Structures are given as C-alpha cells and as structure tokens.
Amino acid sequence: MNKDELGKLYPITVVPYDGNWTLLFKNEKQFLTNLLGSETALKIEHIGSTAVPNLSAKPTIDILVEIPNESGICELIMSKMNENNYIHMKEQKNHLMFIKGYSPTGLEKESFHIHMGSKDLDFLWDRVYFRDYLCENPTVAKQYEELKLKLAETYKYDREAYTDNKTEFIRLITRLAKERQ
C-alpha cells in the first residue's frame, strides 16, 4: 500500500478522552510483562495523549518499554512479539516499534503502538517528560488538544504531516518539562 491508501484506511481521528484507555494500558502492560519477562521489559510506561486525563486523542494506546542494551535482545523480542500478532514496524531504525489492532479493513476496537528502547535513547524517554507536563498543566494540555483537533481536520489522511506539524509544540513543552527538573 502506498501512503495515500494507508491514509484512507487509517485516517487521523481524534476522539474525546475515554477513561477506559487506562485499563487498556494496564491490561497490555501485564500481557507484555508476562510475554517478555521483567528482565527484558525493565519498565513499561503509558505515553501519548491517551495517558493524559481529559485529553482528546487518537484512540490508540502508546506504550514505551525500556529494554536492556544487550546483544541479541532485539532478535528475542522480535520473535516473541511476532508470535503474538504484533506487527514489527521496520521503518523505525533507532528503536523497536510494534503495532497491534490494525486490520486490512481499518483499526480494530483496541489498537496499540509499542515503542521499545534502552534508557539512553532520550528521544524515546523525552515522551515521559511531555506526558507528565501535560498531566500537571491542564491549560497546556488544552492547547495541545486544540492543535491536534485542527491538524486532524487538516491532515485527516496524512499521518506524517499530522505528526510533523505537532513536533514544534512537543519540543517546546518537553524542553520546559526538562528544565524544571
């Protein structure tokens, strides 16, 4: 499928906050812990907009998993994840990413993005700073929500443009969050 076909099959849809997102994360976290073991899944965080109370979001649960920086660990993880119907996103070169809940007819009722990397990958772990800042600053979270709603309307069928146009806001807030530490 080309980018346009993917955009039409999986359009950007931002929906009101759903309190069930926390439960979906907890269930998936438990599944991943059981699947990978605590020696491989060192830490599991709920990130992205679904992790921020009262924030509208795309209804996909984003999860960040800390993994050891060891030889052979990626192959082990890929094997276990693939055996359990996660799709490995090979486009990601600097970390592992898997998706679940994507079907040939569109998104399923529950969908997940699983990002995995060692603790030294700041570009991954900065997402926790961003999440925490939004949780602690509802006014900023509302600004982010307004931006996302506008971009979802403008770039409904272009995930890359939607994501690219949020980047400046995310960088600014992440920098503010890290400065206060």
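At what angle do the axes of helix H2 and helix H3 cross? This is a predicted model, with local features needing pLDDT of at least 70 and side-chain atom pairs counting only at pLDDT 80 or more, while totals for chains, interfaces and linings use all residues. Residues are numbered from 1 along each chain as its sequence is written, and side-chain values use heavy atoms, leaving out hydrogens and water.

**View 1. Helix H2 (residues 20–36) meets helix H3 (residues 73–83).** Their axes come within 10 Å and cross at roughly 125° (axes are lines fitted to C-alpha atoms, over the stretch in contact for helices, and angles run from 0 to 180 degrees between N-to-C directions). H2 and H3 are therefore oblique to each other (under 35 degrees is roughly parallel, over 145 roughly antiparallel, 65 to 115 roughly perpendicular, the rest oblique). Leu32, Leu35 and Leu36 of H2 touch Ile77, Lys80 and Met81 of H3 (contact means heavy atoms within 4.5 Å).

**View 2. H4 packs on H5.** Here the angle is about 115° and the axes sit 5 Å apart, so the two helices are roughly perpendicular to each other. On the H4 side the contact uses Phe130, Tyr133, Leu134 and Glu136; H5 brings Pro138, Val140, Ala141 and Tyr144.

**View 3. The largest pocket holds about 1800 Å³ of space.** A pocket is an open set of points on a 1 Å grid over the protein atoms alone, where a 1.4 Å probe fits, with protein on both sides within 12 Å along at least five of seven lines; lining residues have an atom within 4 Å of a point. Of the 47 lining residues, Gln92, Met97, His113, His115 and Thr163 are the closest to the centre.

Key:
Helix = DSSP H or I, 4+ residues; strand = E, 2+ residues; numbered from the N terminus. Points joined across faces, edges and corners; volume = space filled by probe spheres on them.
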